[in-house]
Amino acid sequence: MKLFKRFPFSESLALIVPMSLILPNVYICLLNDLSAVEDVALVLLPVGVYLLLMALSANTPRTTVLLFPLMFIAAFQIVVSYLYHDGSPIGVDMFLNVWTTNLTEVDELLRSILLPVVIVVLLYLPLTIAAAVSWHRHHQTARSFLCRLRYAALAVGALGMAACIYCIVTKPVYELHTDFFPVNALCNLKEAIVRQSRMNNYRSNSENFRYRAISTHKAGKELYIAVIGETSRADNWQILGYDRHTNPLLSSYGDRVIAYKNVFSESNTTHKSVTMLLNTLSSDDYNGGIYSHKSVITAFKEAGFHTSFFSIQCPNHSLVETYSKEAQTVKFIAGSRGMPAMDEKVLPMVDSVMADKSNAKKLIVLHLYGSHYDYADRYPPKFALFNPDHHQQANLENRSQLINAYDNTIVYTDYVLSELISRLKSVGCNTALIYTSDHGEDIFDDARRKFLHASPRPTYWQLHVPLLIYMNQIYASTYPPLRANALNNRLKLISSSKSFSQTLLHMAGIATPYAHDAQSLLSPNLRSIDTLHYLTDINESTDLMEWGFCDDDKLKVKQLLSNGHH
């Protein structure tokens, strides 16, 4: 009480706000192995700036309210640091995810990390509300106090600035826009706004784009299904060597379902990975063309196919939603009671397309909800083969329950894919299916204790994905070399981002200047990729083994290729 008598509330704000805003910097110092000088720079320079901001006006309650956006960034950073257990800043993709993620996914995520969310809410929200009330009551801060605060701010800031300059001079790779919070987060926010603006102009920028595609197959009926799963990692698929029976149905098909075990996505975010899967662009040319280059759905339309796009996901203002509208038939399948629909809801949509006799050539693109967290909500109870599969919080202590639930999602995906294949088996024409997932998932797999996906630095678990091809008997008999090539390529190191769309075009016999058969899984000329590429947060293509992967990730890749006799 004596402290608050000595410092009235408005003066207390001038001290409390800078201390609260510096918490993410302290957290970053604790998580990262930084030098003492880097720690000093990262903490003292922002403290000096925050103190100076609070000392600019006698109306410190108003200043506090105006600083709420910075408090939001600080709270966001604390949660991100907690979630990924590293000091990476809020990335461009994370800001975009806030815009493109539906409310149901947000609710599921927040419930899984309830503790840090509650902490930051209790830390920043009451402070802002109290400041707003104080502002309304016209509370002012004594000018003598503000004068002393300015001197303190300049002294602390000068020490922090000296440490920062020392880091810049002595460490060539040290840069404020990448290594210094909140500067890095604010720069990423600016870039996210620029990218969203470019995405909003996609329609006008891509209006004149043409694939100049033609069908090279003989006239007749054809049906192709491209299935994009969600958050499914290859290591939990029985058909790819997992020791649990997560694919009892697909496994029964033998080599009629061709499974590829050495496949990596070039992004750990949905909005990037799916756009690459549905485009002939990969991380190599993503930034230069993604906002003016239409999806392969348009190539199929140009080649005379009727195209359909059915999604269990919600429309979310992303390029994926824009791509869906290139199809002639589009449906986003809603769930009930605020929950997404089950993936099997796409089956009646597929049946309706197959029953329609008005179009001989058809492409169906399916975007599933797959294994997206919360895992236990992604499958009906009868698919709960592994138990217990429910948990209160997503943490290391509950990993066994999380794995059980996650494996149940794979069992359910196995069912959905098997149902699609059973339909294609009975169709009296050339039909084929290709499936992959957008990315994988971390589930507290190693000492890093990472969970979910889309972390600033990707992991092996987030990028190693399943990829399957099925051809019905008619197709396999019509194009026997393609099936033989598909079988021969099973153990090659593959980028799903490069090969998925190219395989789909090759499968359907679509010729276009943008088709590269050497990247198709059906090609005799397919070679294992030389470099595992990854599309970074700033849309640069980088070598995963040199930049993104840690030693444990690299070892997992080597073990994978060794076990597959690559």
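N539 is found in the loop between β14 and β15 (strands are DSSP E runs of at least two residues, helices H or I runs of at least four, both numbered from the N terminus). Everything here comes from a predicted model, where local features need pLDDT of at least 70, side-chain atom pairs count only at pLDDT 80 or more, and totals for chains, interfaces and linings use all residues. Residues are numbered from 1 along each chain as its sequence is written, and side-chain values use heavy atoms, with hydrogens and water left out.

**Backbone**

Why start with N539? N539 isn't a glycine, yet its phi is positive, at about 65°. At 6% relative accessibility, N539 counts as buried (under 20% relative accessible area; exposed is over 50%, partly exposed in between, with a 1.4 Å probe and protein chains only). R449, in the loop between β9 (442–443) and β10 (451–452), is another non-glycine residue with a positive phi, near 55°. Its relative accessibility is 38%, so R449 counts as partly exposed. Most residues other than glycine have a negative phi, and most peptide bonds are trans.

The peptide bonds have something to show too. Y373 to D374 is a cis link, and D374 sits in the loop that runs between β7 (361–367) and α19 (399–425). N387 and P388 are also joined by a cis peptide bond, with P388 placed in the loop between β7 and α19.

| Site | Backbone angle | Value |
|---|---|---|
| R449 | phi | near 55° |
| N539 | phi | about 65° |
| Y373 to D374 | omega | near 10° |
| N387 and P388 | omega | about 0° |

**Sheet**

In what order do the strands of the sheet line up? They run β3-β11-β8-β2-β7-β5-β6, making an open sheet of seven strands with mixed pairing (two strands pair if DSSP finds at least two bridges between them). At the edges are β3 (257–260) and β6 (329–332), each of which pairs on one side only. β3 is joined to β11 (residues 467–471) by four bridges, and the two run antiparallel. Within that pairing, V257 stands opposite Y470 of β11.

**Cavities and pocket**

There are five cavities of 30 Å³ or more in the structure (on a 1 Å grid over the protein atoms alone, a cavity is a set of points where a 1.4 Å probe fits but cannot get out; a pocket is an open set with protein on both sides within 12 Å along at least five of seven lines; lining residues have an atom within 4 Å of a point). The largest cavity has a volume of about 160 Å³ (space filled by probe spheres set on grid points, joined across faces, edges and corners). It is lined by 14 residues, and L96, M199, H271, Y291 and L319 are the closest to its centre. Two or more lining residues come from each of α7 (92–100), α12 (183–200) and α14 (270–277).

The second largest cavity comes in at about 70 Å³. Of its 13 lining residues, D93, S455, P456, Y534 and D537 lie closest to the centre. Here the elements giving two or more residues to the lining are α7 and β14 (533–535).

As for open space, the largest pocket holds about 1300 Å³. Its lining counts 45 residues, with S88, P89, T178, D179 and R457 nearest the centre.
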